[in-house]
There are 2 protein chains.
Amino acid sequence: MKVLIIGGGGMVGQKLARALAARPLNSDQTVTLFDMAFPGGETPAHKQISGNLTDKAAIQTLLGERYDLIYHLASIVSGEAEARFEFGWSVNMMAFRSFLETLRAEVEASEGVYHPRVVFTSSIAVFGPPFPDKIGDEFLSAPQTSYGAQKAISELMLTDYIRKGFFDGLSIRLPTICVRPGKANLAASSFFSGIIREPLNGQEAILPVPDSVRHWHASPRSAAGFLRHAAGLDQADIGLRPALTMPGVSCTVAEQIEGLRAVAGEDAVQLIKPQPDDTIMRIVKGWPRNFAPERANALGFTADADFASIIQTYIDDDLPAA
Amino acid sequence: MKVLIIGGGGMVGQKLARALAARPLNSDQTVTLFDMAFPGGETPAHKQISGNLTDKAAIQTLLGERYDLIYHLASIVSGEAEARFEFGWSVNMMAFRSFLETLRAEVEASEGVYHPRVVFTSSIAVFGPPFPDKIGDEFLSAPQTSYGAQKAISELMLTDYIRKGFFDGLSIRLPTICVRPGKANLAASSFFSGIIREPLNGQEAILPVPDSVRHWHASPRSAAGFLRHAAGLDQADIGLRPALTMPGVSCTVAEQIEGLRAVAGEDAVQLIKPQPDDTIMRIVKGWPRNFAPERANALGFTADADFASIIQTYIDDDLPAA
């Protein structure tokens, strides 16, 4: 099985690459990573191709390899898509459309031989307020960010290509990934990881929102697990609505902090510095707090047991390298 | 007020043009119609511009006129979008994005002077089965046609441009328009109008589905009324989710036929010839049957009182010219 991970240099892409190296999908699995850049240091022995998603010729050459399974994880993050309107739409919508069209051309040129699966990483950002307490599988996508709109649109596009039989696939709506290893990024959600990661590394962390904020989390290990699980699903079981909200852990920032206290003690908690930020608060107010992801549960997707497990996963998987 | 109707040569566009001519939005209203072609015969004294939505230069010239209110009614219809995959996406999604980008450029070039309103005609085709008995305002858009996906995507794009403050606007999800004047076409929904229109014109009509089929209808006059009403709404009242399902009449084919009997008698009803068509039945099974359009109701959109009124509207507005 030939696997391609577009966005394979990113955090989730790297986690997935390692998960596939540790436990291959089958005996002849090969994995190719495509991204603008790759992190240095220890990496699995996968092929790496550097390139830009918006470079049509590069994508054409790439997809000419006819991968059986294509993970599409690449996107401009929410904060940047909000700040750079045109750039966000160009990458997150237009380049995804171009990818789908290029892949469709390969499928049609194969005359029935080639039928890949596309696993697209979407986000709970497809939902916008007001919300019910728990968002069910039939709740509308009414995003309040450009990033969320672009993800919702990409889901709709992929769904139609699947419905028309050009390829198999599904969209995986990831929870906010926590604890993200490495440095803070431009995402407005960055602090959810920062308030755990920085103290565990003996550093101060800024908390820009009240600790009553509730949100929906999954560990990087769970995210890689969702993507791996998506590879083996029967398309008929996925059904007519192949955009699935993944399971996760719903908890408040206060509960996150309690988890940190239990694991790392009061000294760690004291490193969290409240510093209210109206811009971030306004963005976070528009984010979902809790879900009832019944369809994903029924399809066997599983997430972390609780926020303490999420912290422990960071300590096991990422703290040693930090 | 300078008004532009893109798709002004189509059936609903012409109805809207006449409605605006009969009752102008204000004292200095001017109306321009843009379409590939226009019907002959009696038309209101509006300016007509022939052109193609996919012609970027033509759209740039057109939008350079800085219309205060732009109705966007143009699209490839559902049957054609399903048959010609690439063409449907090019026109219904890509040309709409190009329209939005061209309009945004005008707005930005005006340095705060120009702030148009865009009223986009969407469709109940954004919904796909399985449905609840009545589809509420928070039910997901999970279309099962390319046309529906393109409409849902256009809604999401317009919503984001509105959210970012580039322009005002909203998307109007039209019910199936009934009774459509003119000739029968190859659309799967054609019979909903045909079984009323043909008998009223002394002609036979084919009924390809059981009379238990329930669907959601509005007259052409109501459709023009929705669009006219949309011009005067306060953007703050429209709120964060400017894609609105319009009110309509939910009734079965049997109820449609009873309406015809009441208006035109048993002889007219005898002109309806049941001729089951599995293909049409399968398509119609995937269509919504009923809605609870509470937000549109609260905003003052009003539809026909019942199906008898829909028939009477055809008799008043279109039968004389038929």
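Residues are numbered from 1 along each chain as its sequence is written, and chains are lettered from A in the order in which they are written. Because the model is predicted, local features need pLDDT of at least 70 and side-chain atom pairs count only at pLDDT 80 or more, while totals for chains, interfaces and linings use all residues.

**View 1. Chain A as a whole.** Chain A has 12 helices and 12 strands; these are DSSP runs numbered from the N terminus, helices being H or I with at least four residues and strands E with at least two. The radius of gyration of chain A is 19 Å, close to the 20 Å from the globule rule for 322 residues, so chain A is as compact as a globular protein of that length. That radius is taken over C-alpha atoms, and the rule is 2.2 Å times the number of residues to the power 0.38. Along the principal axes, the C-alpha atoms of chain A fill a box of roughly 65 × 45 × 40 Å. Of the 322 residues of chain A, 49% count as buried. A residue is buried if 20 or more other C-beta atoms lie within 10 Å of its own, exposed if 12 or fewer, and partly exposed in between, with C-beta atoms placed from the backbone.

**View 2. The contact between chains A and B.** Chain B gives 19 residues to the contact and chain A gives 19 residues; two residues are in contact if their C-beta atoms, placed from the backbone, lie within 7 Å. On the side of chain B that touches chain A, helix 5 (residues 146–163) of chain B gives the most, with 8 residues.

View 3. The same surface serves both copies, since 100% of the contact residues of chain B recur in chain A.

**View 4. Strand 5 of chain B.** In strand 5 (residues 117–123) of chain B, 7 of the 7 residues are buried, so the strand is largely enclosed by the rest of the structure. B:Arg117, B:Val119, B:Thr121 and B:Ser123 point one way, and B:Val118, B:Phe120 and B:Ser122 the other way. Strand 4 (residues 69–72) of chain B runs parallel to strand 5 of chain B and is joined to it by 4 bridges; two strands pair if DSSP finds at least two bridges between them. Here B:Tyr71 stands opposite B:Val119. Strand 6 (residues 168–174) of chain B is also parallel to strand 5 of chain B, with 7 bridges, and B:Phe120 stands opposite B:Ser171.

**View 5. Helix 12 of chain B.** B:Phe307, B:Ile310, B:Ile311 and B:Tyr314 are buried in helix 12 (residues 307–317) of chain B. They cover an arc of only 100 degrees around the axis, which puts them on the same side of helix 12 of chain B; the arc is that of the directions from the helix axis to the C-beta atoms. The buried residues of helix 12 of chain B pack against helix 6 (190–200), strand 9 (214–218), strand 11 (249–252) and helix 9 (253–269) of chain B.
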